[in-house]
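Biologist: Hi, could you walk me through this model? I'd like to ask as we go.

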Amino acid sequence: MNAKNAPAIDTQDDPSPLLLRAVLGARRYAPAIACMALLAIMFLAFQTVGVSNRRFAEGYRRYEVGSSRDGYLLLRRLGLRGRIVVLFDKTAHIEQWGAREYIRSLGGRDESAPVTPDNFVEGFILSGVARHVYVVVPEKEWPLIVLHMSTRGDGIVTSSSVSSRLYGARVDYVTPENLPRFGERVVAYVPKTAESEYPSSFLTSFDDPRVSDIYVVQEGR
Amino acid sequence: MTRGRTTDAEGTGVPATAWAPPWWTPLAVFLLSLLLRIFHVAEVTLWLDDTALLAPSAFTYIRYGSLGPPGWWTQPLKYVLLYASSIFFGNDPVGWRMCNVMFGTGSVLMTYLVARAMFRRPFPAIAAAALIALDPLSVAFSRNISEDTPATFFILVVCLFFIRAMKTDRDRDWILTGLSLGAAWALRWYAVIPGLLMLVLALARHRKEGLPGMSRIVAYLGPLPLSIYVAAFLPWAARGYSVAEWFSLNVDAYRVQASGMEGMFTGLTRIAGPSRWFTTWIGAVDTAYRPGSYAAMFNDLPIWFLFVPAVAYLLWRGYKGRSIPALLVGGSFILLYVFFLTARRSIMLYSSIPLLPFGAIALGFAADKVLGRKAWIFLAIAVGWSLYLFPIVSGMPVPGWAYGWLLARLGWS
């Protein structure tokens, strides 16, 4: 009997051949399935390691500190980690000359950190407090920021923001109107000297437990 | 001498050998290369050496997950290797440099093994290993902590396992290909280029196997190495980052590199420009610690000049003989070089390091094929020439009259 004259097998009445075929078919794709599964596990592990290492404050707290050094030490002592820091100022305070001393200070000696008004946000990043910094620049300062960042080798200029990265952490310069909505509570950091540059209702919107868990006002430099 | 196989070598038209090298040849290649790389390792410092920057970054990355300073746009596996080297060999400059000493030595061994897997005749393998063992740029960059050297090692490991996988089609060989490709990606992005070439060659070979066969190849050369690449960023993830932020980091890294990064490479114009690699002396010289000794990094022009025609010849023979290993080696050389020629950012001389083993393999093959028995004379001359260059790479005191002409061409006054 050749194949043409063979009676058709009604597989709908007997599920086992279909199941068998499905299993055999899947086995042929086993390497592809295994490699895709490995990649998925790796992404899952990445996400889990990342998100589980973020440290937020319990509830909502508002602090006033006397200087950038006090601000740095405060955030370190609060045990914050992997956070979005929103800084309201016209500069990012990331002058990069104290990296080595900052790193040395991470072994539990925060007092020895080389914090200055020019580099305290660099300290936030190096110490792991900040994973992403938004510098909310007053509207009138925006052209200067664009000019400055365009001349840097590692600046990324888009239509709505100017970005760079420091030690892998993103530092985004934005105007108040281009500040995105955040999917998590942030650390708001407001130097008193820059407070008057922003509409008061804009700043007040961050002095809110739904938006931030820590709100720091820095009085001096 | 032992009796060898008598079949043609991978369709490249090279007659089969009557003898095979003895078992201890790879060991000898490794030890001789190690000797050349470890000699004066503590005394030679290249003027553009990033040791002072990268060594602290390795500790910062392993302990705190911070990328850099500097170079957040580069790939992080180098920090893991450097940290491991400091544990094995000591936390000091020699311990840090031993990372590249080992991977540079390993690259010579891998060059030998890849060529041996391709041709079965001893000459191309011995010639390629000798040329890379003594190549001044490869030696110089086996003494500092640039990631190009380990990246080259892993690219060669990938080639070796790929050639085996194409012969045996065993899952074990494909898995090892994918894992080493992932390690190479996590060191330098340009390792993607040989990976893509392998994918094309493997798919062409397995096209009749239908979707199951082709999906298997894509999985081993895509998701598997990508998993290793992602794993290299796990210390960074521990700083609170999500997968979306990881993608953003990689996109930003590409953007920065594609932007030209002109401000980053001021002062390096002497060694910039891949179009000159095979036609002009390029390099830079500094003094080593002893009077009258030098630490130079440069291209070995008389040898490198022969790489391009040799690669063209290998490709032609590989195309005629439908030899996948020959197309892989020749194609990787050409595609990597075209990538560097067309890259938007400045490309320095040290980026040529991954090309050199492919060029050396091609030259070994071409010399064997074209010169026959006289190829050994060519090799003796090439080795003699490279030994002449070795002292100004390795910080040995040299007489000015013997090297003045070369030092002048490299900009030393």
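Modeller: Happy to; we can go through the sheet, a few helices, and then the pockets and cavities.

Biologist: What should I know about the ground rules?

Modeller: This is a predicted model, so local features need pLDDT of at least 70 and side-chain atom pairs count only at pLDDT 80 or more, while totals for chains, interfaces and linings use all residues. Residues are numbered from 1 along each chain as its sequence is written, chains are lettered from A and ligands numbered from 1 in the order in which they are written, and side-chain values use heavy atoms, with hydrogens and water left out.

Biologist: Thanks. In what order do the strands of the chain A sheet run?

Modeller: The order is 1-8-7-2-3-6-5-4, in an open sheet of 8 strands with mixed pairing. Strands here are DSSP E runs of at least two residues, helices are H or I runs of at least four, and both are numbered from the N terminus. Two strands pair if DSSP finds at least two bridges between them.

Biologist: And which strands are at the edges?

Modeller: Strand 1 (61–65) and strand 4 (156–157) of chain A, each of which pairs on one side only.

Biologist: Let's look at strand 6 of chain A. How many of its residues are buried?

Modeller: 6 of its 6 residues, 169–174, are buried, where buried means under 20% relative accessible area with a 1.4 Å probe and protein chains only. Both faces are covered: Ala169(A), Val171(A) and Tyr173(A) lie on one side, and Arg170(A), Asp172(A) and Val174(A) on the other.

Biologist: Which strand runs parallel to strand 6 of chain A?

Modeller: Strand 3 (residues 130–136) of chain A does, joined to strand 6 by 5 bridges. One of the pairs there is Val136(A) with Val174(A). Strand 5 (residues 162–166) of chain A pairs with strand 6 in the antiparallel sense, over 5 bridges, and Leu166(A) has Ala169(A) as its bridge partner.

Biologist: What sits in the turn between strands 5 and 6 of chain A?

Modeller: The two strands form a hairpin with 2 residues between them, and Tyr167(A) in the turn has a positive phi of about 55°.

Biologist: How many bridges join strands 7 and 8 of chain A?

Modeller: 6 bridges, between strand 7 (residues 186–191) and strand 8 (residues 212–218), which run parallel. Pro191(A) stands opposite Gln218(A) in that pairing.

Biologist: Over to chain B. What covers the buried residues of helix 1 of chain B?

Modeller: The cover includes helix 4, helix 5 (122–134), helix 6 (136–140) and helix 17 (375–393) of chain B. The buried residues of helix 1 are Thr25(B), Pro26(B), Val29(B), Ser33(B), Leu34(B), Leu36(B) and Arg37(B). Helix 1 has 14 residues, 25–38, and reaches 20 Å from its first C-alpha to its last, close to the 20 Å expected at 1.5 Å a residue; the expected span is 1.5 Å times one less than the number of residues. His40(B) follows the helix, with a positive phi near 60°.

Biologist: You mentioned helix 17. Why does Ser386(B) count as buried?

Modeller: Because its relative accessibility is 2%. Ser386(B) is placed in helix 17 of chain B and touches Leu134(B) and Asp300(B), leaving aside residues up to four places away in sequence; contact means heavy atoms within 4.5 Å. Ser386(B) and Leu131(B) are 255 residues apart in sequence, yet 7.9 Å apart in space, C-alpha to C-alpha.

Biologist: Now cavities. How many turn up in the whole structure?

Modeller: There are 4 cavities of 30 Å³ or more. On a 1 Å grid over the protein atoms alone, a cavity is a set of points where a 1.4 Å probe fits but cannot get out, a pocket is an open set with protein on both sides within 12 Å along at least five of seven lines, and lining residues have an atom within 4 Å of a point. The largest cavity holds about 70 Å³, and its lining includes Arg37(B), Ser107(B), Thr152(B) and Pro357(B).

Biologist: Which residues lie nearest the centre of the second largest pocket?

Modeller: Lys90(A), Thr91(A), Ala92(A), His93(A) and Asp118(A), out of 25 lining residues. The space in that pocket is about 610 Å³, with volume taken as the space filled by probe spheres set on grid points, which are joined across faces, edges and corners. Helix 6 of chain A gives the largest share of the lining, 4 residues.

Note on methods: Buried means under 20% relative accessible area, exposed over 50%, partly exposed in between (1.4 Å probe, protein chains only).
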